[in-house]
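Please read this briefing alongside the sequence and the model.

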Amino acid sequence: QVQLVESGGGLVQPGGSLRLSCAASGIIFSINTMGWYRQAPGNQRELVATITSGGVTNYADSAKGRFTISRDNDRNTVYLQMTSLKPEDTAVYYCTAEIRPRRFTGNRDYWGQGTQVTVSS
């Protein structure tokens with residue numbers, strides 16, 4: 001089975017930085033796109049950033065210029081470096097990955113359990 005485990009969330013002051021990590025483990029043949037979404041109380045889950053296996057990135061407008069997504073394919077890990085954090089960035093951040101568990105199976109989207117990011121003074 002496949003698991004995604006996030007880490008790195010916490011409380012930070014406005015203008016501060018945080019780095020989130022998400023490691024995929026289990027039965028994995030290949031990983032395509034990995035990404036981060038977030039969900040604030042009362043809001044729908046929204047895209048933050050994605051990155052393909054080849055390193056092509058995509059960002060939400062709210063993340064452009066402040067957040068950087070990267071990945072380590074050898075470690076099946078995706079990162080989200082967040083800088084210049086604002087109170088409106090407060091949310092639960094979820095990692096997602098499109099994974100093929102075995103060579104002759106199809107791809108499937110997996111999600112982590114989420115990590116809380118709170119931006120407050």
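In which sense do strand β4 and strand β5 pair, and over how many bridges? Strand β4 (residues 30-39) and strand β5 (residues 46-51) pair in the antiparallel sense, over five bridges. The model is predicted: local features need pLDDT of at least 70, side-chain atom pairs count only at pLDDT 80 or more, and totals for chains, interfaces and linings use all residues. Residues are numbered from 1 along each chain as its sequence is written, and side-chain values use heavy atoms, with hydrogens and water left out.

Strands and hairpins

- Strands are DSSP runs of E with at least two residues, numbered from the N terminus, and two strands pair if DSSP finds at least two bridges between them.
- β4 and β5 form a hairpin with six residues between them, and Gly42 in that turn has a positive phi of about 80°.
- Met34 stands opposite Ile51 in β5.
- β5 also pairs in the antiparallel sense with strand β6 (residues 57-59), over three bridges.
- Five residues separate β5 and β6 in their hairpin, where Gly55 in the turn has a positive phi of about 95°.
- Thr50 stands opposite Asn58 in β6.

Disulfide

- One disulfide (a pair of cysteine sulfur atoms within 2.5 Å) is found in a search of the whole structure.
- Cys22 and Cys95 form this disulfide, with their sulfur atoms 2.1 Å apart.
- Cys22 lies in strand β3 (residues 18-26) and Cys95 in strand β9 (residues 91-100), so the pair ties together parts 73 residues apart in sequence.
- The link of Cys22 and Cys95 is left-handed, with -75° about the S-S bond.
- Cys22 and Cys95 are both buried (under 20% relative accessible area, with a 1.4 Å probe and protein chains only).

How values were computed
Helices (H or I, at least four residues) and strands (E, at least two) are DSSP runs, numbered from the N terminus. Buried means under 20% relative accessible area, exposed over 50%, partly exposed in between (1.4 Å probe, protein chains only).
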